[in-house]
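Please read the sequence alongside the model below. The walk-through takes one feature at a time.

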Amino acid sequence: VTEIGIFAFLNCRELSSVQLPSSIKCIKDVAFGGCHDLKNIIIPNSVKSIKQLAFCNCQLEKIVLGSGLEIIDATAFDGNYKTKYFWGGEALLDENGQRQYTIREITIYRETPPEVEGHFEVVPNQKEIILYVPFYSVDKYTNHPEWGKFDVRPIPPVNDIMLTYMR
């Protein structure tokens, strides 16, 4: 299997976790659209492209993008808002009347920023989404016209305590 096809898991609302094989090269349009219980996703290093609305209308909180990602559509993670009902529906608004995003952090292991097709949706609280990148690439991402819209920070170093815990 080298790709996740268009609409492959559309509206699989009970899908809560996914382990993508390292053979995957592309995640097609709306592949995981509407997977409301999907909270975290780890994209393997083998994935080179993520297409339009691939993870739209989910409830993603944390996203990890592998080092092989070359191009991502700006709409790949659109619609990840807190909603009034557990099955979706209208987006909840904050005290300023803005939609509340569920995404809190994105980690990218690629040294150079992946190409973005289109423009990320600009929202007032976008800087609240932390974008972790390799420490030597912080300036590249911060100065990028699309990736720089996020709160860019270096990936925290792994220390001995964390390594012990992870084993």
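What follows covers the strands, then the aromatic rings, then the cysteines.

The model is a predicted one. Its sheet is open and made of five strands, in the order S1-S2-S4-S6-S10, with parallel pairing. The edge positions are taken by S1 and by strand S10, residues 115-117. Each of these two has a single partner strand, so one side of each is left without a neighbour in the sheet. At the S1 end, the link from S1 to S2 consists of two bridges, and these strands run parallel. Glu-3 has Cys-26 in S2 as its bridge partner. Cys-26 is also buried, at a relative accessible area of 9%.

The aromatic rings come next. There are eight aromatic pairs in the structure. One of them joins Phe-9 and Phe-32, whose rings are stacked, with 5.1 Å from centre to centre and 5 degrees between the planes. Phe-9 sits in the loop between strand S1 (3-4) and strand S2 (26-27), while Phe-32 sits in the loop between S2 and strand S3 (40-43). The pair therefore ties together parts that are 23 residues apart in sequence.

Phe-55 is buried, with a relative accessible area of 0%. Together with Phe-77, the residues Phe-9, Phe-32 and Phe-55 are linked by ring pairs into a cluster.

The cysteines remain. How many disulfides does the structure hold? The count is zero. Cys-12 is in no disulfide, and the cysteine sulfur nearest to its own, that of Cys-35, lies 5.2 Å away. Is Cys-12 buried, partly exposed or exposed? At 31% relative accessibility, Cys-12 counts as partly exposed. Cys-26, the bridge partner of Glu-3, is by contrast buried.

How values were computed:
Residues numbered from 1 in each chain as written. Predicted model: local features only at pLDDT ≥ 70, side-chain atom pairs only at ≥ 80, totals over all residues. Heavy atoms only, no water. Disulfide = S-S within 2.5 Å. Buried < 20%, exposed > 50% of the residue type's maximum accessible area, 1.4 Å probe, protein only. Phe/Tyr/Trp six-rings, centres within 6.5 Å; stacked < 30°, edge-to-face > 60°. Helix = DSSP H or I, 4+ residues; strand = E, 2+ residues; numbered from the N terminus. Pairing = 2+ DSSP bridges.
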